[in-house]
Amino acid sequence: MGTIAANDVSGTVEPRPGIAVHCRELTKTYGAGAAKVAALRGTDLDVRLGELLMVAGPSGCGKTTLISIIAAILEPDSGVCEVLGHDLRHLNPSERAHVRGVTLGFVFQLFNLLPALTAIENVAVPLQINGVSRKHAEARARDVLEAVGLSSAGVRSRRSSAVASSNALRSPERWCTTRS
Ligand SMILES: Nc1ncnc2c1ncn2[C@@H]1O[C@H](COP(=O)(O)OP(=O)(O)OP(=O)(O)O)[C@@H](O)[C@H]1O
Ligand SMILES: [Mg+2]
């Protein structure tokens with residue numbers, strides 16, 4: 001996780017020293033009536049800066065729901081979630097997108113690549129969204145693809161879907177995107 005300037009977005013809260021993510025009493029329910037599912041029922045979580053953490057549990061226990069709330073993709077029904085000093089409850093949709101865009105990186109299980117783009121272009125997209133020029137974003141993308149042994153795939157104009165599927169078959173963990 002990176003850092004963002006405190007005045008970039010609203011919802012700034014008193015910093016919690018050494019804490020990157022602070023969640024208290026999170027609840028989230030899907031559906032209604034007989035189809036109602038309580039995915040989170042008062043979840044607390046603190047993640048320290050620099051901590052490597054694995055969330056484990058049986059299918060349906062609420063892992064994706066919890067991570068989606070921390071990533072500002074999903075809003076909880078109640079509870080507090082602060083990410084790098086920003087209380088997500090107080091952010092509007094564009095501020096939530098900004099926090100997500102500059103502080104979080106995702107490695108998706110199903111890749112979620114843009115199939116029309118090359119590998120380099122896919123890796124460069126988040127940087128360009130954050131204002132980095134195409135030239136610099138693609139240079140950085142080239143560097144990180146090289147670092148994970150995918151430089152030849154990225155430099156050639158092969159479409160990313162072909163790269164991803166061929167690498168997925170051999171080594172799914174090697175295909176990832178990186179934020180600077
Ligand atoms: N959009 C939704 N609508 C209705 N119910 C949902 C929705 N998303 C998740 N659920 C339900 O909420 C519960 C928690 O789901 P969630 O996806 O967070 O679990 P998970 O721990 O990530 O599961 P898995 O290990 O299978 O990925 C499950 O019972 C699931 O069926
Ligand atoms: Mg899940």
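## Chatting through the model

Reader: Which exposed residues are on the face of H4 turned away from its buried side?
Author: Lys135 and Ala147 are the exposed ones there.

Reader: ok, and what am I looking at, where do the numbers come from?
Author: The model is predicted: local features need pLDDT of at least 70, side-chain atom pairs count only at pLDDT 80 or more, and totals for chains, interfaces and linings use all residues. Residues are numbered from 1 along each chain as its sequence is written, while chains are lettered from A and ligands numbered from 1 in the order in which they are written.

Reader: back to H4, which residues are buried?
Author: Ala137, Ala141 and Leu145 are.

Reader: why do residues three or four places apart point the same way?
Author: An α-helix has 3.6 residues a turn, so residues with that spacing face one way.

Reader: how many residues does H4 have?
Author: H4 covers residues 134-147, which is 14 residues. From first C-alpha to last it reaches 20 Å, close to the 20 Å expected at 1.5 Å a residue. The expected span here is 1.5 Å times one less than the number of residues. Just after H4, glycine 149 has a positive phi of about 80°.

Reader: zooming out, how many helices and strands are there?
Author: The chain has six helices and four strands. Starting at the N terminus, they go β-β-α-β-β-α-α-α-α-α. Of its 180 residues, 24% count as buried.

Reader: in what order do the strands sit in the sheet?
Author: The order is E2-E1-E3-E4, in an open sheet with antiparallel pairing. E2 and E4 (86-87) are the edge strands, each pairing on one side only. Two strands count as paired if DSSP finds at least two bridges between them.

Reader: how many bridges join E1 to E2?
Author: Nine, with E1 being residues 19-30 and the two strands running antiparallel. Leucine 26 has threonine 43 in E2 as its bridge partner, and isoleucine 19 has arginine 48 there. Lysine 28 stands opposite leucine 40 in E2. In the hairpin of E1 and E2, six residues lie between the strands, and glycine 31 takes a positive phi near 70°.

Reader: what about E1 and E3, parallel or antiparallel?
Author: Antiparallel, over five bridges. One of the pairs is cysteine 23 with cysteine 81 in E3.

Reader: new topic! what surrounds ligand 1?
Author: Tyr30, Gly31, Val37, Ala39, Gly57, Ser59, Gly60, Cys61, Gly62, Lys63, Thr64 and Thr65 do. A residue is near a molecule if its C-beta atom, placed from the backbone, lies within 6 Å of it. By class the shell has four nonpolar, seven polar and one charged residues. Ala, Val, Leu, Ile, Met, Phe, Trp, Tyr, Cys and Pro count as nonpolar, Asp, Glu, Lys and Arg as charged, and the others, Gly among them, as polar.

Reader: which element gives the most to that shell?
Author: H1, with three residues. E2 (37-48) and H1 (63-70) each supply at least two.

Reader: and which residues of H1 are buried?
Author: Thr65, Leu66, Ile69 and Ile70. Looking down the axis of H1, they fall within an arc of 135°, so they line one face of the helix. The buried residues of H1 pack against E1, E2 and E3 (78-83).

Reader: last one: asparagine 112, where is it?
Author: In the loop between H2 (93-103) and H3 (119-129). Asparagine 112 counts as exposed because it has 11 C-beta neighbours inside 10 Å. The C-alpha atoms of asparagine 112 and asparagine 122 are separated by 9.9 Å, and these residues are ten apart along the chain.

Conventions
A residue is buried if 20 or more other C-beta atoms lie within 10 Å of its own, exposed if 12 or fewer, and partly exposed in between; C-beta atoms are placed from the backbone. The arc is that of the directions from the helix axis to the C-beta atoms. Two residues are in contact if their C-beta atoms, placed from the backbone, lie within 7 Å.
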